Amino acid sequence: MKRSIGISIYPDHSDPARDRAYLELAARHGFSRLFMSMLEVTGGRDAAVARFRGVIAHAHDLGFEVILDVNPGIFDELGVSYDDLGLFHELGADGIRLDTGFDGRRESFLTFNPYGLAIELNMSSDVAYLDNILSYQANRPMLYGCHNFYPQEGTGLPYEFFERCSRRFKSQGLRTAAFVSSAVGESGPWPVNDGLPTLEMHRHMSADVAAKHLFATGLIDDVIIGNAYASEEELAAMGAVDRYQTCLKVDFVEGASELERAIVVGEQHERRGDICDRAMRSTETRVKYRGRPNPAHDNDGELQVGDVAVGNDDFGNYANELQVVLEPHRDARKNLVARVRPEELVLLPLIRPWSKFRFVEA
């Protein structure tokens with residue numbers, strides 16, 4: 001399934017001109033999904049149309065898919081019936097996210113709305129909600145899943161719970177989404193804004209590393225920055241993330257040779273399928289570079305988690321094999337070549353047997 005990155009805006013708390021400029025900036029960096037909250041809308045139907053339609057049209061001109069976050073209170077406020085989603089079509093939305101669920105049968109009917117609006121479900125509950133909806137023969141291609149975000153420090157999802165919730169949706173082949181947080185964004189749906197991530201472990205993590213982590217789980221298709229407005233530096237960094245394989249930032253040690261640099265950043269790596277605990281092994285490099293001299297250097301210290309090592313001339317058949325250290329150990333037959341950036345060590349457990357991965361010099 002194609003993966004995308006997105007941003008969020010809050011028209012009831014923002015300036016339309018600034019929203020348009022933010023959309024243009026994000027589009028330049030490869031963003032193509034827009035989350036818009038309607039949970040705070042006031043003033044009735046005409047006010048909502050005036051506030052949302054122009055921004056949504058501009059987003060569409062830039063290639064964004066637009067999902068509106070709604071709940072039953074908004075339907076009452078705007079006089080919308082669940083039997084007629086025409087207002088959201090009038091606004092130009094591509095779908096609506098149901099912040100609160102119903103009985104399963106109603107959601108199933110909503111996926112057959114005549115406007116082709118996607119119906120996005122709240123993923124952040126480990127219950128059989130989705131199974132119930134699917135049992136009513138929902139229109140699967142129009143059914144998405146999206147996690148909540150959590151404005152209050154300490155209230156985001158723990159990873160194990162997030163994983164269980166996400167597997168319920170991903171195992172059904174549905175499109176999934178989750179949120180990361182900008183370090184500078186101050187706009188969200190509520191006055192409390194300690195960042196807007198889905199996972200608590202991501203609250204103080206940079207948006208690009210958190211996005212890498214979500215993509216690396218294999219459970220999330222779309223990663224959205226929850227708070228506005230992210231900086232251009234954050235947008236550029238997240239736009240550069242490889243959405244389909246983990247790309248680790250490394251710092252080379254001073255003694256790394258040109259051969260070792262080529263092995264690290266010049267090759268497509270794959271974790272060996274018969275894994276071990278000590279290191280993550282990429283063995284094709286020893287085949288490609290067989291016979292190329294690689295004298296020993298930086299080989300007398302204890303290798304630490306995240307160190308990138310290459311077998312030296314004393315390693316026989318394993319010379320020029322690349323390894324990423326997972327357990328501290330000593331082995332003089334391995335040259336320390338580079339180190340994975342500390343903030344990206346969280347990605348290592350998600351590189352599984354046969355996973356493809358790459359390196360880039362930080």
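Me: How much of the protein counts as buried?
Reply: Of its 362 residues, 55% count as buried, where buried means under 20% relative accessible area, exposed means over 50%, and partly exposed lies in between, with a 1.4 Å probe and protein chains only. This is a predicted model, in which local features need pLDDT of at least 70 and side-chain atom pairs count only at pLDDT 80 or more, while totals for chains, interfaces and linings use all residues. Residues are numbered from 1 along each chain as its sequence is written, and side-chain values use heavy atoms, with hydrogens and water left out.

Me: And what does the secondary structure come to?
Reply: The protein has eleven helices and 15 strands, taken as DSSP runs numbered from the N terminus, with helices being H or I of at least four residues and strands being E of at least two. The C-alpha trace spans about 75 × 45 × 35 Å along its principal axes.

Me: Which strands make up the closed barrel, and in what order?
Reply: Eight strands close the barrel in the order 1-2-3-4-5-6-7-8, with parallel pairing, where two strands pair if DSSP finds at least two bridges between them. The twist averages 30 degrees from one strand to the next, with axes being lines fitted to C-alpha atoms, for helices over the stretch in contact, and angles running from 0 to 180 degrees between N-to-C directions.

Me: How many bridges pair strand 1 with strand 8?
Reply: Strand 1 and strand 8 (residues 222–225) are paired in the parallel sense over three bridges, and Ile-5 stands opposite Val-223 of strand 8. Helix 8 (residues 207–216) packs on the sheet there, touching strand 1, strand 7 (175–180) and strand 8, and its direction makes about 155 degrees with that of strand 7. Helix 9 lies across strand 1, strand 7 and strand 8 too, running at about 155 degrees to strand 1.

Me: How many residues of strand 5 are buried?
Reply: Five of the five residues in strand 5 (residues 118–122) are buried. Strand 5 runs parallel to strand 4 (residues 95–98), to which four bridges join it, and Gly-95 is placed opposite Ala-118.

Me: Switching to helix 1, which residues are buried there?
Reply: Asp-19, Tyr-22, Leu-23, Leu-25 and Ala-26 are the buried ones in helix 1. Seen down the helix axis, they fall within an arc of 165 degrees, so they line one face of helix 1; the arc is that of the directions from the helix axis to the C-beta atoms. The face turned away from this buried side carries the exposed residues Ala-17 and Arg-28.

Me: What covers that buried side of helix 1?
Reply: The cover includes strand 1 (4–9), strand 2 (33–37), helix 2 (44–61) and helix 9 (232–239), with contact meaning heavy atoms within 4.5 Å. Helix 1 is followed by Gly-30, whose phi is positive, near 90 degrees.

Me: OK, which residues have the most contacts inside the largest nonpolar core?
Reply: They are Met-38, Leu-68 and Phe-88, in a core of 73 residues, a nonpolar core being a set of buried Ala, Val, Leu, Ile, Met, Phe, Trp, Tyr and Cys residues joined through side-chain atoms within 4.5 Å. Helix 8 gives the most to this core, with seven residues. A second, separate core of 26 residues includes Val-253, Ala-309, Leu-347 and Phe-357.

Me: What is Met-38 in contact with, leaving aside its neighbours within four places in sequence?
Reply: Its contacts include Ala-48, Phe-52, Leu-68, Asp-69, Val-70, Ile-74, Leu-78, Phe-88 and Leu-91.

Me: What about the open sheet, what order do its strands have?
Reply: The seven strands of the open sheet have the order 10-15-9-14-12-13-11, with mixed pairing. Strand 10 and strand 11 (279–282) stand at the edges with a single partner strand each, so one side of each is left without a neighbour in the sheet. Strand 12 (residues 307–311) and strand 13 (residues 322–325) pair in the antiparallel sense over three bridges, and Gln-323 is the bridge partner of Ala-309.

Me: Last one: where is Glu-267 found, and is it buried or exposed?
Reply: Glu-267 is in the loop between helix 10 (258–265) and strand 10 (269–270), and it is buried, with a relative accessible area of 12%. Not counting residues up to four places away in sequence, Glu-267 touches Ala-262, Thr-285, Lys-288, Tyr-289 and Arg-358.
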